[in-house]
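Take a look at the sequence and the model, then read on.

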Amino acid sequence: MTQGSVAGRAASIGLRAGPSDSGSRYGLLLILLIVTYLLSASPLSTLADGISAVLFLGVLLLALRTARVTRRAARLVALVALAGSVAATIAVLSTNEDARGAADIWRGLVLLVTAVLIVRRVLARPAVTEQSIYGALSSYLIIGLMFAAFYAAIFHFGGAPQHDFFADKQPANTQTFQYFSFTTLTTLGYGDFTAGGDTGRALAVLEALAGQIFLAVLVAGLVAAYRAPATEGAPGGGSDSSSSSSSSRRLPPSTIRRAAMTRRTKPTATVRKTVSRHESPASRAP
């Protein structure tokens, strides 16, 4: 096998190995989360309350599809999540405050599991890509929606009359819970909505800490480590070297070793054959 054929085969393997990690659907997941948030904040919030458990189930299933878990574990989690989401949807449509609080707890737990799966998969990726950034942003939105569900659970389980979760009798509903959650997560602190009870305040402090750590550690680290793939014909005349170095980074170690051994051994074998052909009989005599 010649050196050119080895290099060509190695390059083709590298090009096939590069997009293998593109099966992650974090871009689609991010779009679904944005649509879910906008639907909850729109005048159709009553409809969103009824189907939020189903939407969050879809988010979990997308996260399971990208997570590196066994098929049996994925099916078990999907079945449990499906049964719980159906029960949560029925509970949301009821007028019982405890049932609605249980549904909020279930939504928060589903989102918590989803965020853990996404962060675990993003950290396990061998390189930082666009999908890694999408996954981190999706996790950030999921954390905000998760805390909003827990705030709603505190409101429903507290037995307090309407408008008593927030201070100064501010209205407590899906829109205000999400607004308060994301302003707390981003530590904006507008001050128009503040938790009136000790439980809500303690949870708000945890959310603010989680938002700071998430942005400062995970998202900032991913953005700093992200490098866009080299494109052909890039300015500066370095397209060939960039393409070859990019392909070599994607090559399996065994292929690189075989190519290096071929480059080292073939010239030596050629020189030996030439020397033996021109060697005189007198030099070979004892």
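Two residues are in contact when they have heavy atoms within 4.5 Å of each other. Going by that, among contacts in the chain between residues at least 6 apart in sequence, 72% join residues at least 24 apart. This is a predicted model, where local features need pLDDT of at least 70, side-chain atom pairs count only at pLDDT 80 or more, and totals for chains, interfaces and linings use all residues. Residues are numbered from 1 along each chain as its sequence is written, and side-chain values use heavy atoms, with hydrogens and water left out.

**Overall layout**

- The chain has 11 helices and 0 strands; helices (H or I, at least four residues) and strands (E, at least two) are DSSP runs, numbered from the N terminus.
- Of the chain's 286 residues, 36% count as buried, meaning under 20% relative accessible area with a 1.4 Å probe and protein chains only.

**The nonpolar cores**

- A nonpolar core is a set of buried Ala, Val, Leu, Ile, Met, Phe, Trp, Tyr and Cys residues joined through side-chain atoms within 4.5 Å.
- The largest one has 45 residues, and Y151 and F177 have the most contacts inside it.
- Helices 2 (26–41), 3 (45–66), 5 (97–124), 6 (130–157), 7 (174–185) and 8 (198–225) each supply at least two residues of this core.
- Helix 6 gives the largest share of this core, 12 residues.
- Leaving aside residues up to four places away in sequence, Y151 touches F165, F177, F180, S181, T184, G200, L203, A204 and E207.
- There's also a second, separate core of 5 residues, including A53, A88, A91 and A103.

**Helix 6**

- Helix 6 is mostly covered, with 21 of its 28 residues buried.

**Helices 4 and 5**

- Helix 4 (residues 71–92) packs against helix 5 at an angle of about 145°, with the axes 8 Å apart; axes are lines fitted to C-alpha atoms, for helices over the stretch in contact, and angles run from 0 to 180 degrees between N-to-C directions.
- On the helix 4 side, the contact is made by V80, A81, G84, S85, A88, A91 and V92, while helix 5 brings A99, R100, A103, W106 and R107.

**A look at T176**

- T176 is found in helix 7 and is buried, with a relative accessible area of 9%.
- A polar atom of the T176 side chain lies 2.8 Å from the backbone nitrogen of N173.
- Not counting residues up to four places away in sequence, T176 touches F166, P171 and F193.

Key. Buried < 20%, exposed > 50% of the residue type's maximum accessible area, 1.4 Å probe, protein only. Polar contact = N/O pair within 3.5 Å; in protein donor to acceptor, adjacent residues only side chain to side chain.
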